[in-house]
Amino acid sequence: MKTHYLRAILTVAVIFSFVCTHAAEFESSGNNTDWSNTAAWTIVAGTDGDGIPDADDSVTVLDGDTIIVTANSACENLDLQSSGAATYFKVNSSTTLNIGVKWQCISQAVNADIDVLVDGTVNVTNRFYVDG
């Protein structure tokens, strides 16, 4: 009987650790480049196998950075932020970005600009939010 409980607890622990360690939080690194380039990103929490945001990852493009989606990509959450310097985000033509939960644009100052150009397709499963 104890071995069944131990096995169940161990199974839950393994599943929980898998879920917790395979989602990451990414921030743009200031290397203004395309989404699929590892130099574009810094992992600030969690882990990721390839260093590029995937469907289970949260992504923040920081103030003044430029990110261009040049190949089909996905993330769980996308936050575009600006507190004064222009933040630029583009999805190229014939390219799709799938966002699983939310896409939000947050301007944190009067002169803050977030420039978004979508020549391709962006699919947002849950919500799109603009503040500022």
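Trp35 counts as buried, at 1% relative accessibility; buried here means under 20% relative accessible area, exposed over 50% and partly exposed in between, with a 1.4 Å probe and protein chains only. The model is predicted, so local features need pLDDT of at least 70 and side-chain atom pairs count only at pLDDT 80 or more, while totals for chains, interfaces and linings use all residues. Residues are numbered from 1 along each chain as its sequence is written, and side-chain values use heavy atoms, with hydrogens and water left out.

A pair of aromatic rings is described by the distance of the centres and the angle of the planes. Rings of Phe, Tyr and Trp (for Trp, its six-membered ring) pair if their centres lie within 6.5 Å; planes under 30 degrees apart count as stacked, over 60 as edge-to-face and the rest as tilted. By this rule there are five aromatic pairs. In one of them, the ring centres of Phe26 and Trp41 are 6.1 Å apart and the planes stand at 80°, so the pair is edge-to-face. Phe26 lies in strand S1 (residues 24-28) and Trp41 in strand S3 (residues 41-46), so the pair ties together parts that are 15 residues apart in sequence. Strands (E, at least two residues), like helices (H or I, at least four), are DSSP runs numbered from the N terminus. Both partners are hidden from the surface by the cut-off above: Phe26 is buried with a relative accessible area of 1%, and Trp41 is buried with 7%. Trp41 also forms an edge-to-face aromatic pair with Trp35, at 5.3 Å centre to centre and 75° between the planes. One aromatic cluster is made up of Phe26, Trp35, Trp41, Phe89, Trp103 and Phe128.

The nonpolar core comes next. Such a core is a set of buried Ala, Val, Leu, Ile, Met, Phe, Trp, Tyr and Cys residues joined through side-chain atoms within 4.5 Å. The largest one has 20 residues, of which Trp35, Trp41, Leu78, Leu80, Phe89 and Leu97 touch the most other members. At least two residues of this core come from each of S1, strand S4 (58-61), strand S5 (66-69), strand S6 (73-82), strand S7 (87-91) and strand S8 (96-107). S8 gives the largest share, four residues.

What does Leu97 touch, not counting residues up to four places away in sequence? With contact taken as heavy atoms within 4.5 Å, its partners include Trp35, Leu78, Phe89 and Val122. Val124 sits 27 residues from Leu97 in sequence and 8.5 Å from Leu97 in space, C-alpha to C-alpha. Val124 belongs to strand S10 (residues 121-124) and counts as partly exposed, at 29% relative accessibility. Leaving aside neighbours within four places in sequence, Val124 is in contact with Ile99, Val101, Lys102 and Trp103.

Side chains of opposite charge can pair when their charged atoms come close. A salt bridge is a side-chain nitrogen of Lys or Arg within 4 Å of a carboxyl oxygen of Asp or Glu, and two are counted by this rule. One joins the side chains of Lys102 and Asp79 (3.3 Å, N to O). This pair links distant parts of the chain, with Lys102 in strand S8 and Asp79 in strand S6, 23 residues apart. Lys102 is buried, with a relative accessible area of 18%, and Asp79 counts as buried at 13%. The side chains of Asp119 and Lys90 also meet in a salt bridge (3.8 Å, N to O). Asp119 lies in the loop between strand S9 (114-118) and S10 and Lys90 in strand S7, so the pair ties together parts that are 29 residues apart in sequence. Asp119 counts as partly exposed, at 43% relative accessibility.

Asp79 has a further partner: a polar contact of 3.1 Å joins the side chains of Gln104 and Asp79. A polar contact is a pair of N or O atoms within 3.5 Å; within protein, one must be able to donate a hydrogen and the other to accept it, and residues adjacent in sequence count only if both atoms are side-chain atoms. Gln104 is found in strand S8 and counts as buried, at 11% relative accessibility.
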